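Please open the model in your viewer and keep the selection panel at hand. The stops below are meant to be followed in order.

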Amino acid sequence: MSLPTSNRALVWVGKRKLEVQQRPVVAPGEGEVLVKIMSTGICGSDCHNWESDSVSKQLVLGHESSGIIEQVGKNVTDRFVGQRVAVEPGNACMNCEFCLKGNPNVCANLKYCGMDPTDGTICQYYTCRTSMTVPIPDNVSWEEAGAIQPVAIAVQLSRRAALNVGQTMAIFGCGPLGLLVLAVAKSHGVKKIVMFDIEQSRTEFAEKYGADVGIATPKNTDPSVDSLTFVQNYAKEVISKHELGHGFDVVVEASGADICSQMGVFMLKAGGTMVQAGLGKPLTSVPFFQVTAKELTIKGTVRYTPGCFADAISLISRKLVDLKPLITSTYPLTKGAEAFEAQHARKDIKIIIMNQE
Ligand SMILES: [Zn+2]
Ligand SMILES: [Zn+2]
């Protein structure tokens with residue numbers, strides 16, 4: 001079977017400098033498929049590469065892609081040409097102790113699309129193992145399909161938080177992850193969700209998108225009040241004003257600001273769980289006396305585990321997670337550099353690249 005002749009790819013060539021280059025199309029080997037990539041979402045971690053001056057090679061960016069199976073390799077029986085699929089960006093070894101325990105997200109030998117030095121998926125054709133592709137039903141548009149991966153990340157977070165019917169929840173950070181966690185939490189029957197951000201326009205959007213309350217967090221402007229007292233008093237005020245009893249069941253920190261982790265710990269009720277998803281300063285202070293006194297659980301979350309993509313696709317397809325209001329711009333691959341400028345300007349919520357255009 002002859003291979004497609006064009007494979008335009010969006011390539012990092014220097015700090016804030018991208019180039020559209022032709023890359024070879026790789027014929028699918030045994031157990032592999034060649035995917036014609038239709039759409040790719042871009043996110044903060046792509047932007048991190050974009051801004052870096054120390055990527056080790058001319059790297060193809062991107063890790064949030066979906067497309068159509070163009071060719072199947074030898075002995076592939078569970079995928080077919082023309083099938084719509086999402087591409088899981090993690091190529092885990094499936095052999096290390098973490099993979100064997102079902103946690104390929106923390107694989108000791110993980111190769112991850114768009115993460116230096118592994119080429120990403122903002123290209124026209126991508127070849128991978130069949131197990132890295134997850135079928136998508138026809139009622140999910142290509143624009144939406146470009147944002148399946150971040151929903152899978154929110155699903156993994158919901159598993160880590162053990163979300164359940166009737167819980168109360170605080171989410172710090174009204175960016176794409178915070179908003180998707182909101183949508184996934186509502187689909188789990190979480191009954192009251194309060195969202196925080198420093199930008200009022202974002203908390204207002206969160207309310208429109210389904211948060212019970214959106215709050216623009218204040219700054220401590222009184223020099224006579226130390227930061228611990230400020231955080232403690234503010235947590236008390238929120239809990240009583242919004243009738244949260246002894247506090248939230250679950251806190252999700254998706255902003256990376258250490259003051260949010262501190263507020264989160266004070267806002268949790270005894271036995272509550274905080275999931276730390278935001279990446280902030282490498283060293284921060286957390287009021288651990290609260291963790292001990294209230295028997296809190298603090299967990300991390302990273303990437304996704306087996307089944308998260310399928311769950312994400314199901315939520316989108318059944319309209320339990322509505323991506324449409326979040327997708328604020330689309331760009332053709334050939335204008336990928338502009339898409340990254342826009343991502344950096346942070347005016348959009350979610351930007352999708354149409355890879356064949
Ligand atoms: Zn991402
Ligand atoms: Zn592994």
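The tour of this predicted model goes from a metal site to the nonpolar cores and then to the salt bridges.

**Stop one: the zinc ion.** Select ligand 2, the zinc ion, together with Cys93, Cys96, Cys99 and Cys107, whose SG atoms are its protein donors and lie 2.4 Å from it. Along the chain these donors follow the spacing C-x2-C-x2-C-x7-C. The four donor atoms subtend angles of 101 to 120° around the zinc ion, and the arrangement is therefore tetrahedral. If you colour by accessibility, Cys96 is buried at a relative accessible area of 11%, and Cys99 is buried as well, at 10%.

**Stop two: the largest nonpolar core.** Next select Ile148, Val151, Met169, Met195, Val321 and Leu323, which touch the most other members of a core of 57 residues. Among the elements that give two or more residues to this core are α4 (148-161), β11 (168-172), α5 (176-187) and β12 (192-197), and α4 gives the most, with eight residues.

Now centre on Met169, whose contacts, leaving aside residues up to four places away in sequence, include Leu163, Val181, Ala185, Ile193, Phe248 and Val252.

**Stop three: salt bridges.** The structure holds 10 salt bridges, and a few of them are visited here.

Select Lys350 and Glu64, whose side chains meet at 2.8 Å, N to O. Lys350 is in strand β18 and Glu64 in strand β5 (residues 64-72), 286 residues apart, so that the pair links distant parts of the chain. Are these two residues buried or exposed? Lys350 is buried, with a relative accessible area of 6%, and Glu64 is buried too, with 2%.

Move on to Arg16 and Glu51, where the closest N and O atoms of the salt bridge are 3.1 Å apart. Arg16 sits in the loop between β1 (8-14) and β2 (17-22), while Glu51 belongs to helix α1 (residues 44-51). Arg16 counts as partly exposed at 39% relative accessibility, and Glu51 is partly exposed at 33%.

Then select Asp311 and Arg159, whose side chains form a salt bridge of 3.0 Å, N to O, joining helix α10 to helix α4 across 152 residues.

Finish with Arg23, Lys57 and Asp119, which are linked in a network of salt bridges.

Conventions:
Residues are numbered from 1 along each chain as its sequence is written. Chains are lettered from A and ligands numbered from 1 in the order in which they are written. This is a predicted model: local features need pLDDT of at least 70, side-chain atom pairs count only at pLDDT 80 or more; totals for chains, interfaces and linings use all residues. Side-chain values use heavy atoms; hydrogens and water are left out. A nonpolar core is a set of buried Ala, Val, Leu, Ile, Met, Phe, Trp, Tyr and Cys residues joined through side-chain atoms within 4.5 Å. Buried means under 20% relative accessible area, exposed over 50%, partly exposed in between (1.4 Å probe, protein chains only). Helices (H or I, at least four residues) and strands (E, at least two) are DSSP runs, numbered from the N terminus. Contact means heavy atoms within 4.5 Å. Donors are N, O and S atoms within 2.8 Å of the metal (3.2 Å for Na, K and Ca); water is not among the atoms, so sites may look incomplete. Four donors count as tetrahedral if all angles lie between 85 and 135 degrees; four count as square planar and six as octahedral if opposite donors are over 155 degrees apart and all others between 65 and 115; anything else is irregular. A salt bridge is a side-chain nitrogen of Lys or Arg within 4 Å of a carboxyl oxygen of Asp or Glu.
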